[in-house]
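This report looks at one protein chain, first as a whole and then in selected parts. Please keep the structure in view while reading.

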Amino acid sequence: MKDYELIVVGGGPAGLAAAAGAWEAGLRKILIVERDVELGGILNQCIHNGFGLHYFKEELTGPEYAGRFIKRLAGTDIEVLSDTMVLDVTEGPAVLVSGRECGCRLIQADSVVLAMGCRERTRGAISIPGSRPAGIFTAGTAQRYINIEGYMVGSRVVILGSGDIGLIMARRLTLEGAKVLACVEVMPHPGGLSRNIAQCLNDFNIPLYLSHTVTDIIGKDRVEKVIVSQVDERRRPIPGTEMEFECDTLLLSVGLIPENELSRRAGIEIDPRTNGPVVYGSMETSMPGVFACGNVVHVHDLVDNVSDEGERAGRSAAEYVLGGDKDAAPDGKAVSLKNGEGVTYTVPQHIYPSAGAADVYFRVAHTFDKSVIRVLDDGEEVLSFRRARMAPGEMEKITIPADKAAALKGTVTVLAQEA
C-alpha cells in the first residue's frame with residue numbers, strides 16, 4: 001500500500017491548483033508538502049492587485065488569490081505538511097522529506113506533482129564588476145522585506161532588469177517614499193508585461209534605459225553610486241557611454257530560474273531552453289507517475305496560467321492513478337514539438353495526437369508588430385494564427401484543435417514571422 005495517491009511538492013499557486021484538480025478528479029489521499037510555514041508561496045508577499053483577471057474574472061491581490069485556493073481546499077481532506085523540505089524524489093515514486101513534525105522519512109505515493117516554482121538570479125549569476133557593499137538586493141527579496149517584514153530597503157534606488165517583479169517594486173518603492181532613479185535593461189526590449197511598463201514606470205515618470213547595463217558598483221560599506229553603460233548588439237559595454245547614478249540601493253530583476261534541483265537529481269529529463277522538465281500534454285515528465293506544472297516547468301507571466309497548468313497536472317495525475325492514462329495514444333507514439341524561426345521554446349515538448357486539443361505555450365525571440373504564428377507538421381503548414389503584437393516579455397498560447405492534433409504525424413514546429 002502506498003502512503004498517498006498523490007504528493008504535491010510545493011504549496012504555491014501551482015501546487016494548490018494541482019491538489020484541487022486532483023481532488024475534483026477523484027483522488028482522496030493527497031498530501032501537499034510546503035517548505036514555508038503557510039500555503040500560498042510567493043503570492044503572500046505580492047500585495048499589489050492585478051491577479052485573477054483571467055481565472056476568477058476579477059482583480060485580486062496576491063494574498064486574496066492564494067486565499068481563494070486555500071478556501072477551496074478547506075472543504076476537502078487534503079493533508080498539508082508545512083515547514084517541511086523535500087530532499088529527494090525517487091522512482092516508485094517516493095518523496096524523502098525532512099521537517100519538525102515528521103522528522104526525516106520516505107513517503108510512498110502513486111503519483112507526484114512537482115510544483116517548486118522558481119528563484120531569482122543573483123549578482124553572482126550575472127557577474128557585475130565592482131565592490132561588494134550593502135544595499136544590493138534581488139527584487140523579490142526587497143519585496144519580502146517591505147511587504148512581509150516591514151523594512152524599507154533604501155531611499156535612492158536603481159533597478160537593473162525590467163522583469164515584472166522589478167517593475168512592480170519600482171512602483172512600490174516610489175509609493176513608500178523612495179526615489180527610483182532609473183530602470184536599466186540590457187536587452188533592446190523590456191522583459192516584463194506591457195501593462196507593468198505603463199503602470200509602474202510611465203505613470204511615475206521613471207526612465208527606462210534599454211540596451212544598457214550596470215558596469216560598476218561603487219561603495220565601501222553601502223552602495224554609493226552605480227555606473228550604467230550602453231551596450232552594443234552583442235551586449236558588450238560601449239566605452240564613452242557611461243552614466244553615473246548616486247544611489248544607496250541596487251535592485252536586481254534579471255530573470256528567474258525554475259527550481260529544478262530535485263528534478264535533476266531524480267534523473268528527470270530537463271529542457272535546456274526552459275531549464276524545466278520536458279513534459280507531455282498531460283504535464284507528465286520523463287519519470288512515470290511524476291508530473292510538473294507552473295514555474296518549475298517554464299517561467300510564467302500570469303498566475304492565472306500557472307493555475308490552469310496546475311489543474312491540468314492534478315487531473316492528469318488522477319487519471320494516471322485511477323487506472324486510465326487518458327493522454328496515452330493507442331499506438332503509444334507521441335509527436336515532438338520544437339521552436340522554429342522567431343520562437344525561443346515550446347511547452348509541452350511532446351503531445352499525443354489522440355489526446356484531443358493541445359494548448360501550446362511559447363515566447364517569441366523579439367518584438368513583433370502585425371505577425372503570424374505558423375504550425376508546421378514535418379515542414380508542411382497545418383495551422384496559422386494572426387497576432388497584432390507579440391513581445392518576449394509576454395508568453396503566447398495557441399490551441400491545436402483536436403482534429404488537427406489527431407492528424408499530426410511528424411515533428412511539429414512553431415514559428416513566428418512578420419505578417
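## The chain as a whole

The model is predicted. Its protein chain holds nine helices and 27 strands. The C-alpha trace spans about 65 × 55 × 40 Å along its principal axes. For 419 residues, a compact globule would have a radius of gyration near 22 Å, and the protein chain agrees with this at 22 Å.

How much of the protein chain counts as buried? The share is 53% of the 419 residues. The accessible surface of the protein chain comes to about 18,300 Å², and carbon and sulfur atoms account for 48% of that surface. Among contacts in the protein chain between residues at least 6 apart in sequence, 62% join residues at least 24 apart.

## Helix α8

Helix α8 covers residues 303-321, which makes 19 residues. From its first C-alpha to its last, α8 reaches 27 Å, close to the 27 Å expected at 1.5 Å a residue. An α-helix has 3.6 residues a turn, so residues three or four places apart point the same way.

Of the 19 residues of α8, 14 are buried, so the helix is largely enclosed by the rest of the structure. Gly323 follows α8, and the phi of Gly323 is positive, near 95°.

Why is strand β27 described as largely enclosed by the rest of the structure? The strand runs over residues 412-418, and five of its seven residues are buried, so the description follows from that count.

Two strands that pair with β27 can be compared by direction. Strand β20, residues 335-339, pairs with β27 in the parallel sense over three bridges. In that region of the model, Lys338 has Thr413 of β27 as its bridge partner. Strand β24, residues 371-377, runs antiparallel to β27, and seven bridges join the two. Asp377 has Val412 of β27 as its bridge partner.

## A loop residue, Thr76

Where is Thr76 found? Thr76 lies in the loop between α2 (62-74) and β3 (79-81). Thr76 has 14% relative accessibility, so it counts as buried.

The side chain of Thr76 also makes a polar contact: it reaches the backbone oxygen of Leu73 at 2.6 Å.

Terms used: Residues numbered from 1 in each chain as written. Predicted model: local features only at pLDDT ≥ 70, side-chain atom pairs only at ≥ 80, totals over all residues. Heavy atoms only, no water. Buried < 20%, exposed > 50% of the residue type's maximum accessible area, 1.4 Å probe, protein only. Helix = DSSP H or I, 4+ residues; strand = E, 2+ residues; numbered from the N terminus. Pairing = 2+ DSSP bridges. Polar contact = N/O pair within 3.5 Å; in protein donor to acceptor, adjacent residues only side chain to side chain. Rg over C-alpha atoms; globule rule 2.2 N^0.38 Å. Contact = heavy atoms within 4.5 Å. Areas by Shrake-Rupley, 256 points an atom, 1.4 Å probe, with all protein chains shown as cover. Expected span 1.5 Å × (residues − 1).
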